[in-house]
Amino acid sequence: AEGRIRGVLIGPRHGAHALYLGRHVTLSDPKGVRLGKGVAIHGGTQLIAGASGQVHIGDHSHVSRNSVLAGAGGIEIGRHCMVSSGVLIYSVTYDRAAGLAVHLSPAKMAKVTIEDEVQVGAGAIILPGVRICRGAVIGAGAVVTRDVSNGSVVAGVPARSLRRID
């Protein structure tokens, strides 16, 4: 009940209805956060839009405990997605190609797109610029460095396709 009350109080500011927000959910730079109808975000999760970024979560999607969505470069999660505990989604990194020190390297931003009906396993890491297509399954602990096609099941470090779901 407590999470639903938080959702009723905070949801309208982010375009959300029937929102569930668990304890200790952080909405950093909330003007860039947009949440759909029936979204559930569980305790300890951080949604970080950044000054000019965005984090959009579609209707009836679920983000479990202690996940981090760093959307300075943009994160778009579709409808009916399930993101398990401890998932890290980053849309920004540092461009080290010029051989500069980290603190001198320019930020490299690339939008992460997760289409409808995607399941992301516990502890998975999704890196900048990745597109995960409809119905894909990301295995627990996978590190996703490149696009994932429709209905693919991927796992491993780096994530590799195991099979397809029809």
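# Figure legends: close-up views of a predicted model

Of the 166 residues in the chain, 42% are buried. The model shown in these views is predicted.

**Figure 1. Overview of the chain and its secondary structure.** The chain contains 1 helix and 21 strands. It exposes about 8,400 Å², and carbon and sulfur atoms supply 54% of that area. Among the contacts with a separation of 6 or more, 16% are accounted for by residues 24 or more positions apart.

**Figure 2. The open sheet of 8 strands.** The strands follow the order E1-E4-E7-E10-E15-E18-E20-E21, and their pairing is mixed. Strand E1 (20-21) and strand E21 (160-164) are the edge strands, each of which pairs on one side only. Within this sheet, strand E10 (residues 82-83) and strand E15 (residues 119-120) run parallel and are joined by 2 bridges. Met82 has Gln119 in E15 as its bridge partner. Strands of a sheet pair through backbone hydrogen bonds, and the pairing is either parallel or antiparallel.

**Figure 3. The open sheet of 5 strands.** Here the order is E3-E6-E9-E14-E17, with parallel pairing. Strand E3 (33-35) and E17 stand at the edges with a single partner strand each, so one side of each is left without a neighbour in the sheet. E9 and E14 run parallel and are joined by 3 bridges. The bridge partner of Ile77 in this pairing is Ile114 in E14.

**Figure 4. The salt bridge between Lys111 and Glu76.** The structure holds 3 salt bridges. In the one formed by Lys111 and Glu76, the closest N and O atoms are 3.9 Å apart. Lys111 lies in the loop between strand E13 (107-109) and strand E14 (112-114), whereas Glu76 lies in strand E9, so the pair ties together parts that are 35 residues apart in sequence. Lys111 is partly exposed, with a relative accessible area of 39%. Glu76 is also partly exposed, its relative accessible area being 24%.

**Figure 5. The salt bridge between Glu115 and Arg131.** The closest N and O atoms of Glu115 and Arg131 are 3.0 Å apart in this salt bridge. The pair links distant parts of the chain, with Glu115 in the loop between E14 and E15 and Arg131 in strand E17 (residues 131-132), 16 residues apart. Glu115 has a relative accessibility of 22% and counts as partly exposed. Arg131 likewise counts as partly exposed, at 37% relative accessibility.

**Figure 6. The salt bridge between Arg134 and Asp116.** Arg134 forms a salt bridge with Asp116, and their closest N and O atoms are 3.5 Å apart. Distant parts of the chain are linked by this pair: Arg134 is in the loop between E17 and strand E18 (137-138), Asp116 is in the loop between E14 and E15, and the two residues are 18 residues apart. With a relative accessible area of 45%, Arg134 is partly exposed. Asp116 is partly exposed as well, with a relative accessible area of 27%.

Figure 7. Most residues other than glycine have a negative phi, and most peptide bonds are trans. Asn66, although not a glycine, has a positive phi of about 55°. This residue is placed in the loop between strand E7 (62-63) and strand E8 (68-70). His80 is not a glycine either, yet its phi is positive, at about 60°. His80 lies in the loop between strand E9 (75-77) and E10.

Figure 8. The peptide bond from Val157 to Pro158 is cis, with omega near -10°. Pro158 is found in the loop between strand E20 (152-155) and E21.

Figure 9. Leu104 is placed in the loop between strand E12 (92-94) and E13. Leu104 is exposed, with a relative accessible area of 54%. Leu104 and Tyr94 are 10 residues apart along the chain, and their C-alpha atoms are separated by 9.2 Å.

Note on methods:
Residues are numbered from 1 along each chain as its sequence is written. This is a predicted model: local features need pLDDT of at least 70, side-chain atom pairs count only at pLDDT 80 or more; totals for chains, interfaces and linings use all residues. Side-chain values use heavy atoms; hydrogens and water are left out. Helices (H or I, at least four residues) and strands (E, at least two) are DSSP runs, numbered from the N terminus. Buried means under 20% relative accessible area, exposed over 50%, partly exposed in between (1.4 Å probe, protein chains only). Contact means heavy atoms within 4.5 Å. Accessible areas come from the Shrake-Rupley method with a 1.4 Å probe; for residues, only the protein chains shown count as cover. Two strands pair if DSSP finds at least two bridges between them. A salt bridge is a side-chain nitrogen of Lys or Arg within 4 Å of a carboxyl oxygen of Asp or Glu.
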